[in-house]
Amino acid sequence: MPLEAGLLEILACPACHAPLDDQTAAETPELICTGTDCGLAYPVRDGIPVLLVDEARRQA
């Protein structure tokens with residue numbers, strides 16, 4: 001289930017403050033940092049983004 005557009009506009013990567021790409025419609029819902037140096041993927045659990053750097057994974 002995709003996040004509301006208004007919510008996605010105000011969310012940013014806590015590590016580098018870049019915008020986040022909504023990948024919540026995928027099998028593993030997450031928000032992907034669009035920063036060139038960061039690239040963290042934050043999980044979305046039960047429709048709630050978990051924007052903690054410790055919970056994020058590095059993209060391959």
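Author: A nonpolar core is a set of buried Ala, Val, Leu, Ile, Met, Phe, Trp, Tyr and Cys residues joined through side-chain atoms within 4.5 Å. Keep that in mind as we go, and keep in mind too that this is a predicted model.

Reader: Fine. What makes up the largest nonpolar core here?

Author: Twelve residues in all: Leu3, Leu11, Cys13, Ala18, Leu20, Leu31, Cys33, Cys38, Leu40, Tyr42, Val44 and Ala56. Strands β2 and β3 each supply at least two residues of this core, and β3 gives the most, with three residues. As background, nonpolar side chains in soluble globular proteins tend to be buried together.

Reader: Take Ala56. Why is Ala56 called buried?

Author: Buried means under 20% relative accessible area. Ala56 has 18%, so Ala56 counts as buried. Ala56 lies in the loop between β4 (48-49) and β5 (57-58).

Reader: What does Ala56 touch, leaving out residues up to four places away in sequence?

Author: Leu40, Ala41, Tyr42 and Pro43. Contact asks for heavy atoms within 4.5 Å. Arg45 is a separate story: eleven residues from Ala56 in sequence, with the two C-alpha atoms 12 Å apart in space.

Reader: And Glu30, why does that residue count as buried?

Author: The cut-off is under 20%, and Glu30 comes in at 10% relative accessibility, so Glu30 counts as buried. Glu30 sits in strand β2 (residues 30-33). Beyond its neighbours within four places in sequence, Glu30 has contacts that include Asp21, Gln23, Tyr42, Val44 and Arg57.

Reader: What makes you say that both faces of β2 are covered?

Author: Look at each side of the strand. Glu30 and Ile32 are on one side, Leu31 and Cys33 are on the other, and all of them are buried.

Reader: How do you know that β1 and β2 pair?

Author: Pairing takes at least two bridges between the strands. Strand β1 (residues 20-23) and β2 have four, in the antiparallel sense. One place to look is Gln23, which stands opposite Glu30 in β2. The two strands form a hairpin with six residues between them. As for Leu20 in β1, its contacts beyond four places in sequence include Leu8, Leu11, Leu31, Cys33, Tyr42 and Leu51.

Reader: How many of the residues count as buried, as a percentage?

Author: 33% of the 60 residues. The accessible surface comes to about 4100 Å², and 53% of that surface belongs to carbon and sulfur atoms. For contacts with a separation of 6 or more, 18% come from residues 24 or more positions apart.

Key:
Residues numbered from 1 in each chain as written. Predicted model: local features only at pLDDT ≥ 70, side-chain atom pairs only at ≥ 80, totals over all residues. Heavy atoms only, no water. Buried < 20%, exposed > 50% of the residue type's maximum accessible area, 1.4 Å probe, protein only. Areas by Shrake-Rupley, 256 points an atom, 1.4 Å probe, with all protein chains shown as cover.
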